[in-house]
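Please keep the sequence and the structure in view while going through the numbered points.

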Amino acid sequence: PLADAQVRLGAHRAITAASGRTEVRLAKGRYNLHIWKVGFDAPPTALDLDSDITVRVEADIVPEENADRAWRA
């Protein structure tokens, strides 16, 4: 589970709980789901909503850059 991730569906926003879950109520239609958290990468997902759904998103861990790299020659 990925806690405190930002979830965006069009103009709607939410943050995931410790369980990695959140709930967003939307009108029927097409939305692009974006998930963001520092250190993780999840591709945008297109959703066509016409009923209640559950979406599972997998995110890749992105290694931190070496902050000292700029000081080493």
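Where in the chain does Val55 lie? Val55 lies in the loop between β5 and β6, the latter being residues 60–61. The points below begin with the basis of the model and return to this residue later.

1. Basis of the note. This is a predicted model, in which local features need pLDDT of at least 70 and side-chain atom pairs count only at pLDDT 80 or more, while totals for chains, interfaces and linings use all residues. Residues are numbered from 1 along each chain as its sequence is written, and side-chain values use heavy atoms, with hydrogens and water left out.

2. Overall make-up. The chain has zero helices and six strands, and the order from the N terminus is β-β-β-β-β-β. Here helices (H or I, at least four residues) and strands (E, at least two) are DSSP runs, numbered from the N terminus. Buried residues account for 14% of the 73 residues; buried means under 20% relative accessible area, exposed over 50%, and partly exposed in between (1.4 Å probe, protein chains only). The chain exposes about 6300 Å², of which carbon and sulfur atoms supply 49%. Such areas come from the Shrake-Rupley method with a 1.4 Å probe, and for residues only the protein chains shown count as cover.

3. Contacts along the chain. Contact means heavy atoms within 4.5 Å. Of the contacts between residues at least 6 apart in sequence, 21% join residues at least 24 apart.

4. The nonpolar core. Which residues form the largest nonpolar core? There are seven: Val7, Leu9, Ala14, Tyr31, Leu33, Leu47 and Leu49. At least two residues of this core come from each of β1 (6–9), β3 (29–36) and β5 (45–49). A nonpolar core is a set of buried Ala, Val, Leu, Ile, Met, Phe, Trp, Tyr and Cys residues joined through side-chain atoms within 4.5 Å. In soluble globular proteins, nonpolar side chains tend to be buried together. Leu47 is in contact with Leu9, Gly29, Arg30, Tyr31, Leu33, Ile53 and Val55, when neighbours within four places in sequence are left aside.

5. The nonpolar surface patch. Val55, one of the contacts of Leu47, also belongs to a nonpolar surface patch of about 200 Å² with Ile53 and Val57. Val55 is partly exposed, at a relative accessible area of 35%. Patches are made of residues with over 30% relative accessible area and no salt bridge; like charges are joined within 9 Å, and nonpolar side chains (Val, Leu, Ile, Met, Phe, Trp, Tyr) within 5 Å.

6. Strands β1 and β2 (residues 12–15) run antiparallel and are joined by four bridges; two strands pair if DSSP finds at least two bridges between them. Arg8 stands opposite Arg13 in β2. Two residues separate the strands of this hairpin, and Gly10 in the turn has a positive phi of about 60°.

7. Asp4 lies in the segment before β1 and is exposed, with a relative accessible area of 55%. Phi of Asp4 is near 60°, a positive value in a residue other than glycine. Most residues other than glycine have a negative phi, and most peptide bonds are trans. Beyond its neighbours within four places in sequence, Asp4 is in contact with Ile15, Thr16, Ala17 and Lys37.

8. Salt bridges. How many salt bridges does the structure hold? It holds two, a salt bridge being a side-chain nitrogen of Lys or Arg within 4 Å of a carboxyl oxygen of Asp or Glu. Glu23 pairs with Arg25, with the closest N and O atoms 3.0 Å apart, and both residues are exposed. Arg30 and Asp48 meet in a salt bridge of 2.9 Å, N to O. Arg30 lies in strand β3 and Asp48 in strand β5, so this pair ties together parts that are 18 residues apart in sequence. Arg30 is exposed at 56% relative accessibility, and Asp48 is exposed at 52%.

9. A proline in a loop. Pro43 is found in the loop between β4 (40–41) and β5, and counts as exposed at 52% relative accessibility. Pro43 touches Leu33 and Glu58, not counting residues up to four places away in sequence. The C-alpha atoms of Pro43 and Glu58 are separated by 8.7 Å, although the two are 15 residues apart along the chain.
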